[in-house]
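Here is my notebook from an afternoon of looking things up. Follow along with the picture open and check each entry as you go.

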Amino acid sequence: MKKRIWGLTGGIACGKSTAAEMLKKMGWKILDADTIAHELMAPGQINWKLIVDNFGTSILKDNLEINRSALAEKVFAHPEELQLLNKLTHPNICANLLTQIEHHRAHQASTPLLVVVPLLYEIDFVAPFDAILVVAASLAIQKHRLIQRGLTESAIQARLKAQWPLQEKITRADCVIWNDGSLETLHMQINVFQSQI
């Protein structure tokens, strides 16, 4: 039987979103944990309340939206606060994802589904998937891309430290796509992946 429901993870700045976008154009349905995380952080939503109750109103913008940059700066500088943030927010994100995955399984099973979960292994969210795809890149390329995003060296180190080593994810994956090169090279690998599942 074909593997129809895939989890996608990898390291920061490895190209997970780009790979997902390519598969979307090939007819896959895409769910993204980060998108759901942002929706649940909107003013008045469940994770917004949990975050404000625990981290205070200083992380809010004038329109009451959470200033994600300020929150990230705060938690990545203090690992115990990052741990708290994850503990508060991940259960609701995972519950939302599970509901959507089950709906897809029941109503759209013929369409392949890709669920992008950056911390898939870290939060042990492997059970819902038929298989796991990891998008990987060398550390030098990851750092280069993060510098281009405007992150400092210390901010880059903090984010890398907050994730499992990429090699550990690669070892556990059912399929690995290496994204050190051009978009064309990535697209070629996505085509091969698509043809083999």
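**Entry 1: a charge and a ring.** I started with Arg-159, whose charged end sits over the ring of Phe-76, 4.3 Å from the ring centre. For this I needed NZ of Lys or CZ of Arg within 6 Å of the ring centre and within 35 degrees of the ring normal.

**Ground rules.** I noted that this is a predicted model, in which local features need pLDDT of at least 70 and side-chain atom pairs count only at pLDDT 80 or more, while totals for chains, interfaces and linings use all residues. Residues are numbered from 1 along each chain as its sequence is written, and side-chain values use heavy atoms, with hydrogens and water left out.

**Entry 2: the sheet.** I looked up the strand order and found five strands in an open sheet, β2-β3-β1-β4-β5, with parallel pairing. Strands (E, at least two residues) and helices (H or I, at least four) are DSSP runs, numbered from the N terminus; two strands pair if DSSP finds at least two bridges between them. Which strands stand at the edges? They are β2 (29-32) and β5 (175-178), each with a single partner strand, so one side of each has no neighbour in the sheet. From one strand to the next, the twist averages 25°, using axes that are lines fitted to C-alpha atoms (for helices over the stretch in contact) and angles from 0 to 180 degrees between N-to-C directions.

**Entry 3: strand by strand.** I followed β1 (residues 5-10) next. Four parallel bridges pair β1 with β3, and Ile-5 stands opposite Leu-113 in β3. With β4, strand β1 pairs over five bridges, again in the parallel sense; here Trp-6 faces Ala-131 across the pairing. Strands β4 and β5 run parallel and are joined by four bridges, with Ala-136 opposite Trp-178.

**Entry 4**

**Entry 5: rings.** My search of the whole structure gave four aromatic pairs. Rings of Phe, Tyr and Trp (its six-membered ring) pair if their centres lie within 6.5 Å; planes under 30 degrees apart are stacked, over 60 edge-to-face, and the rest tilted. Tyr-121 and Trp-164 are stacked, 5.9 Å centre to centre with 10° between the planes. Tyr-121 is in the loop between β3 (113-116) and β4 (131-136), and Trp-164 in the loop between α7 (153-161) and α8 (166-172), so the pair ties together parts 43 residues apart in sequence. Tyr-121 is buried at 7% relative accessibility, whereas Trp-164 is partly exposed at 28%. Phe-125 and Phe-129 are edge-to-face, because their ring centres are 5.8 Å apart and their planes at 80°; both residues are buried. I also found Trp-6, Trp-28 and Phe-193 linked into a cluster by ring pairs.

**Entry 6: positive phi.** I spotted Leu-64, which is not a glycine but has a positive phi of about 75°. Leu-64 lies in the loop between α3 (46-55) and α4 and is partly exposed at 46%. Asp-124, also not a glycine, has a positive phi near 55°; this residue is in the loop between β3 and β4 and is exposed at 60%.

Key
Buried means under 20% relative accessible area, exposed over 50%, partly exposed in between (1.4 Å probe, protein chains only).
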